[in-house]
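Subject: Structure for you to look through

Dear colleague,

Please find below the structure I promised to hand over, together with its sequence. Once you have it open, you can follow my notes on what was found in it.

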Amino acid sequence: MSDTPFGFGLPPEEPDDGDEGKKKDQQSGGGQGPANPFGFGGLPGAGGLGGPGADNPFAAMFGSLNPTDLGAAFQQLGQMLSYEGGPVNWDMAKQIARQTVSQGTAEGSKDASVGPAERTAVEEAVRLADLWLDDATSLPSGAGSAVAWSRAEWVEATLPAWKELVDPVAERVGTAMGDVLPEEMQAMAGPLIGMMRSMGGAMFGTQIGQAVGVLAGEVVGSTDIGLPLGPAGKAALLPVNIETFGKDLGVPKEEVRLYLALREAAHQRLFAHVPWLRSHLFGAVDGYARGIKVDTAKLEDVVGQFDPQNPEQLQDALQQGMFQPEDTPEQKAALARLETALALVEGWVDAVVHAAAKPRLSSADALRETLRRRRASGGPAEQTFATLIGLELRPRRLRDASRLWASLTDARGVDGRDALWAHPDMLPTASDLDDPDGFVHREQLDFSELDKMLGEAAGKPDLRKKDDSEDHDKGDDTE
């Protein structure tokens, strides 16, 4: 999987790996001349405008294919050009993801339907996890049900969340693909623009489908990347992936399953009982996506060299550093807001799960460190998310956030710690992660007294209405 799929470069603080020059060299070599405004030059067999094959464009495009390949090419091109939906062809994404899952992982692990025994084991693990978490957090259970998914079921259940995350980026790319023609030609080129957007939707769908299909072979639940990908209130684990995850850890499978159930159930509590959190995270992703700019000059080169016989080349071109985040205060703020929020979510889950597991599981420390490294080093889930929206979803300050939450527990207790989730303005900031002791011991409003005052005010009769009633009665007596 490419490190910068869809052509998104890394954020400014993480420069490219030095291959940009090589990529640019691969892109060069074909421009669009003034006599060919739509830029579809360089077709195999065409020999340029006026060259051999120019009188027969269909022969130029497809003449070198045998009948079998020709039919496949027409079918693939037809699927791309017939799409008329949004910026991503999600039907194609789903199809590709299911095909990728059916092929198995690179290590040879195959998907399989979940049997009754595995479903029962997951349900019992989540039920026990919720009991343990009752002592570690004031947030009540957020899992109305517990389910065991196959990889294919995970794909089906999480696609709506991927759509919400990816569409804002894809919309910008699709608009840019329609804007590469000169303004005076766009009115005449409506069908061409529509074709390009349809192809872009198909290419995004193909790339997303491949990425989600690969990720389905690696995730262990519905919250691996710190975002709620599955349906609300449904704690989900993938037994086949849990077995692969724990294979070389030297930890009993039951303990691995239970620890991962604790993490899944803790995420569910947080997202269920902090109603603003989901929109806060998804909004930060959307804000970041809106700050992406498109290198239209490079996109024009791609269009100019497009070969209908090889539609995959457009997908390859989308991986060549064409899209970059804007270096603006708004973009930096969106990125900082998202990174801090992710660190706080993952740090809270890490601290709460450790508090629940440490007294009960001998392997708690080892499992905690394994999962910390998996998240902080940019594991498979984070890399796939970067594939889909060009953003590294890595809680870089996971350990800092976990220490802060643990210190808050010591200083204010479980209730005082969890009360900070009442509003985003009450949460620690990035600077607070630099000085956790300062945040922990900072003078805080006594919210319990405030709640008491508000409750008393709500329980009192409406004095204004009472006064009006008394005035009315006095009036009646006067009469």
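Asp134 and Arg269 form a salt bridge (a side-chain nitrogen of Lys or Arg within 4 Å of a carboxyl oxygen of Asp or Glu), and in this pair the closest N and O atoms are 2.8 Å apart. Asp134 sits in the loop between H5 and strand E1 (145-148), whereas Arg269 belongs to helix H10 (residues 253-273), so the bridge ties together parts that are 135 residues apart in sequence. Helices (H or I, at least four residues) and strands (E, at least two) are DSSP runs that are numbered from the N terminus. Asp134 is partly exposed, at 45% relative accessibility, while Arg269 is buried, with a relative accessible area of 1%; here buried means under 20% relative accessible area, exposed means over 50%, and partly exposed lies in between, with a 1.4 Å probe and protein chains only.

Please keep in mind that this is a predicted model, in which local features need pLDDT of at least 70 and side-chain atom pairs count only at pLDDT 80 or more, while totals for chains, interfaces and linings use all residues. Residues are numbered from 1 along each chain as its sequence is written, and side-chain values use heavy atoms, with hydrogens and water left out.

A search of the whole structure finds 19 salt bridges. Another of them joins Arg119 to Glu153, with the closest N and O atoms 3.8 Å apart; this pair also links distant parts of the chain, since Arg119 is in helix H5 (residues 116-133) and Glu153 is in helix H6 (residues 151-178), 34 residues apart. Arg119 is partly exposed at 31%, and Glu153 is likewise partly exposed, at 33% relative accessibility.

Within helix H6, Asp167 and Lys163 are 4 residues apart, which means that about one helical turn separates them, and their side chains meet in a salt bridge of 3.0 Å, N to O. Asp167 counts as buried at 15% relative accessibility, but Lys163 counts as partly exposed at 39%. Elsewhere, salt bridges that share partners join Arg397, Asp400, Arg403 and Asp434 into one network.
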